[in-house]
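Me: I am new to this structure and would like to go through it step by step. Could we start with a single residue and work outwards?

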Amino acid sequence: MLFAPGLLFAGLGFTALLTPFMTLAANRIVAGEGVAVWRLAGPAVTLPGLVALMVGLALGLLLAWPRLRLAGALLGLAGLVWLLSQGAPALLEGAGDYARVSPGAGFWSLLVIFLLLMADALSSLAPGPLARAGLLAASLGALALLLRSGALAELSILQEYASRQGPFRDALQRHLGLGFGSLVVAAAIGLPLGVLCHRRAGLRRAVLPVLSFLQTIPSLAMFGFMIPLLGWVGHTIPGAQAIGIAGIGFAPAFLALVFYSLLPVVANTVAGLQSTPPAALEAARGMGMTVWQRLIRVEMPLGLPVILAGLRIVLVQNIGLAVIAGLIGGGGFGAFVFQGLNQTATDLILLGALPTVALALTAAIVMDIFVELARPIPERAT
């Protein structure tokens, strides 16, 4: 039986094969010339990869066999890796000392298609949270092994990384500090505030509109507001600059991300606590529980999935917004993105953008697993 989205993906995939699979440029800055997949190298190199791609797309058509669709997606991804690893050195041979090769539009299109096919197959298989955690660990491990093997070392983006390994590690630490650190601070403020808003309707009516207003401020404007505010603090309060509080740098970016994070944390905390079934609260009162006992033993456990969903929103949002911190000296992967824009170096942009996307996707999957684990297990009917 054919799978309708699979027909769409197959059509898009075969169309992508007609677009440039890789680009060859004289150096890291100039625009490259597109190279079709069948022109990467000789038939002995390109044919196995092409067969893997076409078989993977064909297996994606099958509706009744999700495992075959998953196998097809993995086969297609393996074909992409094969073509990249074998095509890059073939294109660089005799192209000059400064020549660079990069994945082209065809590669990126096929990568997205096979990832979507994989996601759809996994959705049909519906693995549990622990199985998803294992699949995520296996995927990250395979990616790490691939990068450490040197099979893709000839690609321009990895050459950019090779010359910036120290700054890349610093950017990773700064990006994690911005994304996860702002989440921790927002949770420390927002969870107690959400509990108070749940208990007091007047406070809720006053707080949530203010947090909603902060959420509507554009990110660049929010970062801009932080510059004069923390600049004044740094120059006025003794010792503030010594601990890193200044008009530019990490502090204004971090504070802006905390402000952006408060609404999802507070709103989801209120929604989670309000989702407690009245019967459960009545039973807790009948058992003689105090207000705080009901909160800790009944409302918080039952509302935990909704609260964690709010934290997931914050984490994924902040990982993405942390890129903009590079504009005000906040560091992170945004520094590579904006350096690449200034130098018209596409692969330097990708050096900042791709890890950000991978980090956000990983964080989203991990938080989804936590949300599912936090859901109460329904009792089986006897």
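Predicted model: local features only at pLDDT ≥ 70, side-chain atom pairs only at ≥ 80, totals over all residues.

Me: Is Ser261 buried or exposed?
Reply: Ser261 is buried, because its relative accessible area is 0%, and buried means under 20%.

Me: Which residues does Ser261 touch?
Reply: Leaving aside residues up to four places away in sequence, Ser261 touches Ser182, Ala186, Val314, Gln317 and Asn318.

Me: Let us move to helix H13. Which of its residues are buried?
Reply: Helix H13 spans residues 334-343, and its buried residues include Gly334, Phe336, Val337, Phe338 and Gly340.

Me: And what covers the buried residues of H13?
Reply: The cover includes helix H7 (165-199) and helix H14 (346-374).

Me: What follows H13?
Reply: Thr344 follows H13, and its place is in the loop between H13 and H14. Thr344 is not a glycine, yet it has a positive phi of about 50°.

Me: Where is Ala126, and what is its phi?
Reply: Ala126 sits in the loop between helix H4 (105-125) and helix H5 (129-149). Its phi is positive, near 50°.

Me: Is Ala126 buried or exposed?
Reply: Ala126 is exposed, since its relative accessible area is 57% and the cut-off for exposed is over 50%.

Me: Now the surface. Which residues make the nonpolar patch?
Reply: Phe14, Leu47, Val51, Met54, Val55 and Leu75 make a nonpolar surface patch of about 470 Å². Helix H2, residues 43-59, gives the most to this patch, with 4 residues.

Me: What about Val51 in particular?
Reply: Val51 lies in helix H2. Val51 counts as partly exposed, because its relative accessibility is 39%.

Me: Turning to strands, what is the strand order in the open sheet?
Reply: The open sheet has 3 strands in the order S2-S1-S3, with antiparallel pairing. Its edge strands are S2 (33-35) and S3 (100-103), each of which pairs on one side only. Neighbouring strands of this sheet are turned by 30° against each other on average, direction ignored.

Me: How many bridges join S1 to S2?
Reply: Strand S1, residues 22-25, is joined to S2 by 3 bridges, and these two strands run antiparallel. Among the residues involved, Thr23 has Gly34 in S2 as its bridge partner.

How values were computed:
Residues numbered from 1 in each chain as written. Heavy atoms only, no water. Pairing = 2+ DSSP bridges. Axes fitted to C-alpha atoms, helices over the stretch in contact; angles between N-to-C directions. Patch = residues over 30% accessible without salt bridge, like charges linked within 9 Å, V, L, I, M, F, W, Y side chains within 5 Å. Areas by Shrake-Rupley, 256 points an atom, 1.4 Å probe, with all protein chains shown as cover. Salt bridge = Lys/Arg side-chain N within 4 Å of Asp/Glu carboxyl O. Buried < 20%, exposed > 50% of the residue type's maximum accessible area, 1.4 Å probe, protein only. Contact = heavy atoms within 4.5 Å.
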